[in-house]
Amino acid sequence: MGVMSELWKGLRVTGRIGLRSLVGRGIVTTEYPKEFRTKPQRFHGRHVLNRYPDGMEKCIGCELCAGACPAQCIYVRGADNAPDDPNSPGERFGYVYEINMLRCIFCALCVEACPTEAITMTHLFEMSVTSREEAIYTKEELLMRPDGTVPHPRPDDPYADLSELEVADGWVRATAPSGSAAYEGVKMWQDTAGPASWDPEPDQETRDA
Ligand code: SF4
Ligand code: SF4
């Protein structure tokens, strides 16, 4: 009897919701993927590893992103740059870089932690996979090409809107650096994937002068 009454209660709720959407009140269902909603600028989608305008990789293999990740889904191994053919400015670069997207909670703490703005997030959320292995994005899939375009593991995926990869929030910090009021309202992210187009943050001495 108890089960039947619970069932009846559930059916009534479902019927009420159906009726409300039929008469066009309240509930709006987006018929994805036929219809698409504009995402907020800071939408957290799949990651991308960025380059500098000269093609150098921004990642220096410091592992701060991996340390900050609450889901422990980033694996980084740094290596020394070859002095005559460096991958990144400085001594080290990200030799191995992997993100297990099955564990990622898209919190963007990795983006916050990165000292070189190497890792940012795009607007792409279509990342269905058919095996656990496919869900591990390697450096090959994460690192943007030298021309600024972003690779996708399955470029022929009919369900993925790859133009979403062109839009990266690339934001750096949720709060002003060191709590400095001078940073209130200052734009700290770029609108598009690709080589960073914003002016670098001034060093502390310049800022405090
Ligand atoms: S978005 Fe969050 S959970 Fe995902 S890799 Fe970055 S820090 Fe880890
Ligand atoms: S992405 Fe950023 S934080 Fe992560 S290893 Fe590279 S430079 Fe360090």
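R92 has a relative accessible area of 34% and therefore counts as partly exposed; buried means under 20%, exposed over 50%, and partly exposed in between, with a 1.4 Å probe and protein chains only. The structure is a predicted model, in which local features need pLDDT of at least 70 and side-chain atom pairs count only at pLDDT 80 or more, while totals for chains, interfaces and linings use all residues. Residues are numbered from 1 along each chain as its sequence is written, chains are lettered from A and ligands numbered from 1 in the order in which they are written, and side-chain values use heavy atoms, leaving out hydrogens and water.

Helices (H or I, at least four residues) and strands (E, at least two) are DSSP runs, numbered from the N terminus. D80 is exposed, because its relative accessibility is 55%.

In total, the structure holds 5 salt bridges. Another of them joins K139 to E57, at 2.9 Å from N to O. Here too distant parts of the chain are linked: K139 belongs to helix α4 (residues 139–142), whereas E57 sits in the loop between β1 (47–49) and α2 (64–68), 82 residues apart. Both partners are covered by the protein: K139 counts as buried because its relative accessibility is 17%, and E57 counts as buried because its value is 7%.

A further salt bridge is formed by R154 and E134, whose closest N and O atoms are 3.6 Å apart. R154 lies in the loop between α4 and α5 (204–208) and E134 in the loop between β4 (119–121) and β5 (136–137), so the pair ties together parts that are 20 residues apart in sequence. Salt bridges with shared partners join E134, R154 and D157 into one network. R154 is partly exposed at 23% relative accessible area, and E134 is partly exposed at 30% relative accessibility.

The ligands come next. Ligand 1 is surrounded by 14 residues, the closest being C69, C104, C107, A108 and C110; a residue is near a molecule if one of its heavy atoms lies within 4 Å of it. The shell around ligand 1 divides into 13 nonpolar residues, 1 polar and no charged. In this division Ala, Val, Leu, Ile, Met, Phe, Trp, Tyr, Cys and Pro count as nonpolar, Asp, Glu, Lys and Arg as charged, and the others, Gly among them, as polar.

Around ligand 2 there are also 14 residues, of which C59, C62, E63, C65 and C114 come nearest. By class, the shell of ligand 2 has 11 nonpolar, 2 polar and 1 charged residues. C59 counts as buried because its relative accessibility is 13%, and C65 counts as buried because its value is 8%. A search of the whole structure finds 0 disulfides, a disulfide being a pair of cysteine sulfur atoms within 2.5 Å.

Finally, W8 lies in helix α1 (residues 2–22). W8 counts as exposed because its relative accessibility is 53%.

Terms used:
Salt bridge = Lys/Arg side-chain N within 4 Å of Asp/Glu carboxyl O.
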